[in-house]
Every structure is written in structure tokens, then in C-alpha cells.
Amino acid sequence: EQARLLNARYGLDGVPVKSTTSKIVKALSIIGALLVGAGVTLFIASNWDEIPKLARLAMILSVILAVNISGYHLRFTRGDYPATGMGLLFLGSIVYGAGIWLTAQTYHISSLYHSGLLLWFAGITPVAWLLELGPVLIVSAGLLTGWSTITCLEFNTANYVYPFLAATVVLPLCYTNRSRISLAIIIAGLCIWTFQAIDYHHLDGPSLIFFYIALGIFLYTVGVLHTFSDKFSEFSPLYKMLGSVMFFFFLYWMSLEPVTREVIITLKAPFHLLPWVPFISVAALAAVNDVVAVMLSKNLEGPSKKLLHREIIFTACAIVVLALMPAAPYTALYAVLTNLILLATSLSLIFLGYGERKALFVNLGFISFAAHFVTRYVDWGWRYLPRSAFFILFGVLVLAGAAFMEKERKKLVKRIKADNE
């Protein structure tokens, strides 16, 4: 009663309260569910041959029903143990998957093992949807992605059912359940799927590297568009982070000397349009996203508009430079452009992190800068410096750079936290 009066006096009735304790309880419930699931599975498996077939099936069904009914009762019927109930429902999704394989083993069903992943996904996804259970949705997204990857490796071809199920079933649930982990799994799965699809159509080589660099820009622009939605703006940092990591990694990969040499040799060969179609398509989509973002930003005011325009300008410039690079296959030009873009990316991540009050982007920017600096020093220092001087200078630079970066990173993170408060 006293808490209610204080909330009413200071106008805190509608203010959401972040509870660290509740997060710990949820985490412990999930960990406990995993341990119990592993223990039950091991116990049954160790005594499996001694149990009659009908008794095995009855045992599997009984455990699945008992765990799920208990979890539903605690979370929804009684409602006083929501975290424990969620843990039991999560355990129910694990036990259901174990039951599929135990049943197949009992009746000697000679089906391909990846079919079990699809059945597991089909069984628990409705539970994640109807009961809005984030942890179960994470398992569902992982199962679907695992099923797609395994079938691609098994049959040496892309699984074209996966993008359909991911886009029409799991992706909408990620948004309705506000599950960023599930969304990250699906985005990563779709990126893996595109690699497999392109690779199996023999569209590999430099065009594949350019495609993934453009895909990183595209994901970043999708994150920019999410900032305009009050309902889905919380997903914007995830898209920006995944896009930044992909963009930096593949651009860094292309900056390595053996890869650069291969890219130049390929670009000097007769041009064929087909391998470049994925790159052109994704780069065009990223450019469209930038245009839409510019149109939507007209209604914004203040610092957020300036930051957004900087992001749009950087992604637009990256698209233009990336599109022009294949037209000029010169080693020196590639070395300069890739290193300039890598440096600009690192600095942009740091400024983005400060502008959006996200320490994660600041840390990511410093890490990418350190990786870029170390790689270039090793490339050039090992070639032009005496070996003893190389190691001495490298050690001094690493220590000094680490101290400087740690100092600046702490200052930026501290300022961000202070601004958030």
C-alpha cells in the first residue's frame, strides 16, 4: 500500500521498472530446465533397452505432458511463479525434441536425422507463438537454421524451404515476441543460406566478397529504417551491429594481400555479369533504403537528424565506392581504398556509439581499429623493418595503443552512461 501511495504521489505508476532479480530468476530457471532435461534424457537412455516399447512411448508422452502442463499451470493458471513456469515450458520443448529421437530409435524409423530437427521445430513453434515464450522461440529459430544448414551439406544444394519458413513464420514471431536473440539467429541463418545458395550456383570468388560487403551495408540501412518506428526501434541496434560486423569482416578479408591479389586477377579477366547479379541487387536495395530514410528524416529535428544524415551519407558513399572498385582493377588503388574504408568504419562506429549512447558500438569500433592497425603493421613492418626492431616496436606500439584505447574507451563509455542517467 505504501509503495502504491509513493508511486501515485510521484507519478510513477506507468513507469516500467527493470528488475535484475527477475532476470536472474529467468536465467536460473532456464539453466535448471536444461540440467533437468539432460539428466532425464541420460537416465532414460541408460535404461532404454530394458524398457518395453509401449512403456517407452507411454513414458515419453507422460513426461512431455507432465512438464508442459505443470509449466502452463504455474505461469498462466496460478500466475504466481511465472519464471519457474517458463522454465518448465522451456524444458518441455527440450523433452519434446528428445522424445522424437527416442521414439525413432524405439521403432527403428530409418529417416534422415535432420528430419527430426524439422519435426522438433514444427512441434514447439506453435507453443512459442501461442504462449509468447522467448526462450522457446530461440530454440525454434536455432532448430530451423540448423535444419537448413545440415540439409545443404547433406544434399549439396541450397534448402529453398528455409527462407520461406524463416520469413513467414519465425521472423514475424521475433518481432511480436520482442526476441532479439531469435532475430539474430534468423539473420545469421539467412546469411549462411545465401552463401550456400550462391556457392552451389558457382558464383563464388571476388563477387561473393563484394556481395557480403554490400549485404552488411544493406543490414545497416535496415537498422536505420527501424529507427523511424516507435514500435520496432529496439531492433535497430541489432541490425546496425550485424551489418557493421559483416561489412568490416569481409572488407578486412579483402584487404589481405593474397585475397587482394586474387581479386585483381579475377577483375582483369573478361567480365561476366551473372556472378555480380547478387552484389548489384543487394547494393541497389541498400541504396533504396537510404533514399527512403532521407524521405522519412524530413520530419525529424535536432541531433538525431544530424546523426541519421551522417549514417546515410556514410552508407551511400560506401555503396558508391564499392560499386566503382570492380571497374578499376589496380592493386595500389585497392590497397588505398580498402584501408581508408576500414579506418572510416572504425571511426564511424565509435562516433555512432557515442551519438546513440551505445557502449557496444564504441567497443566494436576500438576492436576493429586495433585489428586493422595490427594487420597493417605486420604486413608492412615485417617486410621493411629488421626483425628485432619489428618485435620491439610492435610490443611498444601494442602496449601504448592498448593503454590509449582503454583510456579513451572508458572515457566514452563513462560519458555515455552519464548521459543515459
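Is Gln196 buried or exposed? In this predicted model, Gln196 is buried, with a relative accessible area of 7%, where buried means under 20% relative accessible area, exposed over 50% and partly exposed in between, computed with a 1.4 Å probe on protein chains only. Residues are numbered from 1 along each chain as its sequence is written, and side-chain values use heavy atoms, with hydrogens and water left out. Because the model is predicted, local features need pLDDT of at least 70 and side-chain atom pairs count only at pLDDT 80 or more, while totals for chains, interfaces and linings use all residues.

**The chain as a whole**
- The chain has 16 helices and 0 strands, both taken as DSSP runs numbered from the N terminus (helices are H or I with at least four residues, strands are E with at least two).
- Of the 421 residues of the chain, 39% count as buried.
- Among contacts with a separation of 6 or more, 68% join residues 24 or more positions apart, a contact being heavy atoms within 4.5 Å.

**Confidence**
- The mean pLDDT of the chain is 78, and 73% of the residues reach 70 or more; pLDDT is the predictor's confidence in each residue, from 0 to 100.
- Helix H1 (residues 2-9) has the lowest mean pLDDT among the elements, at 46, whereas helix H7 (residues 161-176) has the highest, at 93.
- Over residues 1-19 the pLDDT is below 50, and this stretch has 4 contacts in the model beyond near neighbours in sequence.
- Where pLDDT is low, the predicted coordinates should not be read in detail.

**Surroundings of Gln196**
- Gln196 lies in helix H8 (residues 180-200), and, leaving aside neighbours within four places in sequence, Gln196 is in contact with Ser148, Thr149 and Cys152.

**Two helix pairs**
- Helix H3 (residues 53-78) and helix H4 (residues 82-106) have axes that come within 7 Å and cross at roughly 165°, and H3 and H4 are therefore roughly antiparallel to each other, a term for angles over 145 degrees, with under 35 counted as roughly parallel, 65 to 115 as roughly perpendicular and the rest as oblique.
- The contact of H3 with H4 has 17 nonpolar, 9 polar and 3 charged residues, with Ala, Val, Leu, Ile, Met, Phe, Trp, Tyr, Cys and Pro counted as nonpolar, Asp, Glu, Lys and Arg as charged, and the others, Gly among them, as polar.
- Helix H9 (residues 206-226) and helix H10 (residues 236-255) pack at an angle of about 160°, with their axes 7 Å apart, and H9 and H10 are therefore roughly antiparallel to each other.

Note on methods:
Axes fitted to C-alpha atoms, helices over the stretch in contact; angles between N-to-C directions.
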